[in-house]
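Dear colleague,

Please find below the structure that I am handing over to you, followed by an account of what was found in it.

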Amino acid sequence: VQDVVAAFEAGLRDFRAAPMFGLVFGGLYMLGGMATVWFTTHAGWSWLPLPMTAGFALIGPFVAIGLYEVSRRRERGEPLAFAPVFGCILAQGRRELIWMSLVSVFAFLIWMYQVRLLLALFFGLAPIEGAAFVNALFQTREGLTFLAIGTLWGAVLSVVVFSLTVVSFPLLLDRDRDFITAMITSVKAVVASPRVMVGWGLVTAALIFLSALPFFLGFLITLPVLGHATWHLYRRIVAPE
């Protein structure tokens, strides 16, 4: 637990030392969430904003790659500038990290397909729009059952994705490894310290949920701190080369 606390403190220090980087990456994530909800709402897909918002967190580790690079540069005493940080991100397209990113995107697609399946099972194939869908979701037995099963399935999927990615992304940025080895290492880290790592995941999930409530504005602060903290936690989990 002390390692988690120390990682949070180090993440907060990194954010305070280089706030512009955190605000830029947090702002991109925030705008992506806003755009997703706006598009799905105005397209008339009233059932989409809630699962899209919940599943949006699955691609968070990919967005945080730039934050890992900032923490790594500060750790090595290297100068900080947007050009090399973004250059490092673009360079990952030729490395194994791009495959790890596809794993996160695949998990997001699975989540969305499962939500659509549950909607069809509990509400039928006919679309329910606007206020009628909200009322059906929270005021009917089918809606409450849908929420319960969807939340349970989402929790299971989140634990799986968390176990595969919590160490994988910073490790692949830091070392020349294949993404399968990175995922195995990540799962080993969770298995070695399950209560601490699951606790870290729950805290992360709670912060992401709270950050999404005020129109995603909370991500301006929470995403940078969590991104930097994840890098420092990785340093405490995996032995240095």
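Is Arg73 buried or exposed? Arg73 is buried, with a relative accessible area of 13%; here buried means under 20% relative accessible area, exposed means over 50%, and partly exposed lies in between, with a 1.4 Å probe and protein chains only.

Some notes on conventions come before the findings. This is a predicted model, in which local features need pLDDT of at least 70 and side-chain atom pairs count only at pLDDT 80 or more, while totals for chains, interfaces and linings use all residues. Residues are numbered from 1 along each chain as its sequence is written, and side-chain values use heavy atoms, with hydrogens and water left out.

Salt bridges

A search of the whole structure finds ten salt bridges, a salt bridge being a side-chain nitrogen of Lys or Arg within 4 Å of a carboxyl oxygen of Asp or Glu. Arg73 takes part in a salt bridge with Glu69, at 2.9 Å from N to O. Both residues belong to helix α5 (residues 65-76), where they are four residues apart, about one turn of the helix. Helices (H or I, at least four residues) are DSSP runs, numbered from the N terminus. Like Arg73, Glu69 is buried.

Arg73 also forms a salt bridge with Glu78, and the closest N and O atoms of that pair are 3.4 Å apart. Glu78 is partly exposed, at a relative accessible area of 31%.

A further salt bridge joins the side chains of Glu75 and Arg235, at 2.6 Å from N to O. Because Glu75 lies in helix α5 and Arg235 in helix α13 (residues 219-237), this pair ties together parts that are 160 residues apart in sequence. Glu75 is partly exposed, with a relative accessible area of 39%, and Arg235 is partly exposed as well, at 27%.

The residues named so far are part of a network of salt bridges that links Glu69, Arg72, Arg73, Glu75, Arg76, Glu78, Asp174, Arg175 and Arg235.

Helix α5 also holds Ser71, which counts as buried at 0% relative accessibility. Leaving aside neighbours within four places in sequence, Ser71 is in contact (heavy atoms within 4.5 Å) with Asp14, His228, Trp231 and His232.

Helices α7 and α9

The axes of helix α7 (residues 97-123) and helix α9 (residues 141-165) come within 10 Å and cross at roughly 165°. That angle makes α7 roughly antiparallel to α9, a term for angles over 145 degrees. The axes are lines fitted to C-alpha atoms, for helices over the stretch in contact, and angles run from 0 to 180 degrees between N-to-C directions. The crossing of α7 past α9 is right-handed, which is to say that the near helix is turned clockwise from the far one by less than a right angle.

By class, the contact of α7 with α9 has 15 nonpolar, seven polar and one charged residues. In this scheme Ala, Val, Leu, Ile, Met, Phe, Trp, Tyr, Cys and Pro count as nonpolar, Asp, Glu, Lys and Arg as charged, and the others, Gly among them, as polar. The α7 side of the contact includes Met100, Ser104, Trp111 and Phe122, and the α9 side includes Glu142, Phe146, Trp153 and Thr165.

Two of these residues may be described further. Met100, in helix α7, is buried, with a relative accessible area of 0%. Not counting residues up to four places away in sequence, Met100 touches Leu164, Thr165, Ser168, Phe169, Leu172, Phe179 and Met183. The C-alpha atoms of Met100 and Gly44 are separated by 33 Å, and the two residues are 56 residues apart along the chain. Thr165, in helix α9, counts as buried at 6% relative accessibility. Beyond neighbours within four places in sequence, Thr165 is in contact with Pro61, Met100, Ser104 and Ser186.

The loop between α12 and α13

Phe215 is found in the loop between α12 (194-212) and α13, and Phe216 lies in that loop too. Phe215 has a positive phi of about 60° although it is not a glycine, and phi of Phe216 is near 70°, likewise a positive value in a residue other than glycine. Phe215 counts as exposed at 65% relative accessibility, whereas Phe216 is buried, with a relative accessible area of 7%.

With kind regards

Note on methods
Helices (H or I, at least four residues) and strands (E, at least two) are DSSP runs, numbered from the N terminus. Angles under 35 degrees count as roughly parallel, over 145 as roughly antiparallel, 65 to 115 as roughly perpendicular and the rest as oblique.
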